[in-house]
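Here is a friendly walk through one structure, written for someone who likes to keep the residues in view while reading.

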Amino acid sequence: MKILMVCLGNICRSPLAEGILQEKSNQLNLNWTVDSAGTISTHEGELPDSRSIETADKHEIDITGQCSRPIQISDFEIYDLIYVMDNSNYTDVLELAQTAKEREKIKLILNESFPKENRNVPDPYFGENDGFEKVYQMLDKACAVIIEKYK
Ligand code: 4NP
């Protein structure tokens, strides 16, 4: 499987999602390709937010090899699935898709753990530090479902 995780800035939520899913796939020797991107290029070239790095580190996941980048048209061909973190990301990514097949690849990640509820992964960027741990837990559950579904 080739899976792309997408949020707004690609520094808080999608880097965690990438790290968590990559770790789970590595543990099962699944050889999946997991990457992440943002819908904006404001943070292009930057490391994940230090709070995401710390949160991942607490769970023994290293995300310091990641580097923020904006989503690009070629991603729709490369990846089998594109998981977005919230409904706003969904609208933005949908606009970039060029065919029905590409549009079908776009999924709200929390619909894996809460089917059809269209829940958002809350943006922890402007919030308290524990927002990052809450996001981690939500993503960990969703990624466990993704692994079971496609392994
Ligand atoms: P992310 O969080 O989308 O989870 O990476 C944000 C990162 C940056 C900004 C907003 C949210 N920003 O406004 O720059």
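In which strand is Lys 107 found? Lys 107 belongs to strand 4, which runs over residues 106-108. What you are looking at is a predicted model, so please read every value here as computed from that model.

Lys 107 has a relative accessible area of 32%, and is therefore partly exposed. Between the C-alpha atoms of Lys 107 and Leu 94 there are 9.9 Å in space, and the two residues are 13 apart in sequence.

## Around the ligand

A polar side-chain atom of Arg 13 is 2.8 Å from an oxygen atom of the ligand. For Cys 12, a backbone N or O atom sits 2.9 Å from a ligand oxygen, and for Asn 10 a backbone N or O atom is at 3.3 Å from an oxygen of the ligand. Of the 360 Å² of accessible area that the ligand has on its own, the protein covers 89%.

Is Asn 10 buried or exposed? With a relative accessible area of 2%, Asn 10 is buried, since buried means under 20%.

Glu 60 also has a positive phi, about 60°, although it is not a glycine. You will find Glu 60 in the loop between helix 2 (50-58) and helix 3 (75-78). Its relative accessibility is 70%, so Glu 60 counts as exposed.

## Helix 1

How far apart are the end C-alpha atoms of helix 1? They are separated by 21 Å, and this agrees with the 21 Å that its 15 residues should span at 1.5 Å a residue.

Helix 1 is largely enclosed by the rest of the structure, because 11 of its 15 residues are buried. The buried residues are Arg 13, Ser 14, Pro 15, Leu 16, Ala 17, Glu 18, Gly 19, Ile 20, Leu 21, Lys 24 and Ser 25.

Asn 29 lies in the loop between helix 1 (13-27) and strand 2 (33-38). Asn 29 is exposed, with a relative accessible area of 70%.

## Helix 6

Helix 6 covers residues 130-150, 21 residues in total. From its first C-alpha to its last it reaches 30 Å, close to the 30 Å expected at 1.5 Å a residue.

Which residues of helix 6 are buried? They are Gly 131, Phe 132, Val 135, Tyr 136, Leu 139, Ala 142, Cys 143, Ile 146 and Ile 147. Why can they be placed on the same side of helix 6? They cover an arc of only 145° around the axis, which puts them on the same side. On the face turned away from this buried side, helix 6 carries the exposed residues Lys 141 and Glu 148.

## Two more pairs to look up

Tyr 150 is found in helix 6 and is partly exposed, at a relative accessible area of 28%. How many residues apart along the chain are Tyr 150 and Met 1? They are 149 residues apart, while their C-alpha atoms are separated by 7.6 Å.

Glu 104 is found in helix 5, residues 100-104. At 55% relative accessibility, Glu 104 counts as exposed. Glu 104 and Leu 81 are 23 residues apart in sequence, and the distance from C-alpha to C-alpha is 8.4 Å.

Terms used
Residues numbered from 1 in each chain as written. Predicted model: local features only at pLDDT ≥ 70, side-chain atom pairs only at ≥ 80, totals over all residues. Heavy atoms only, no water. Polar contact = N/O pair within 3.5 Å; in protein donor to acceptor, adjacent residues only side chain to side chain. Areas by Shrake-Rupley, 256 points an atom, 1.4 Å probe, with all protein chains shown as cover. Helix = DSSP H or I, 4+ residues; strand = E, 2+ residues; numbered from the N terminus. Expected span 1.5 Å × (residues − 1). Buried < 20%, exposed > 50% of the residue type's maximum accessible area, 1.4 Å probe, protein only. Arc of directions from axis to C-beta.
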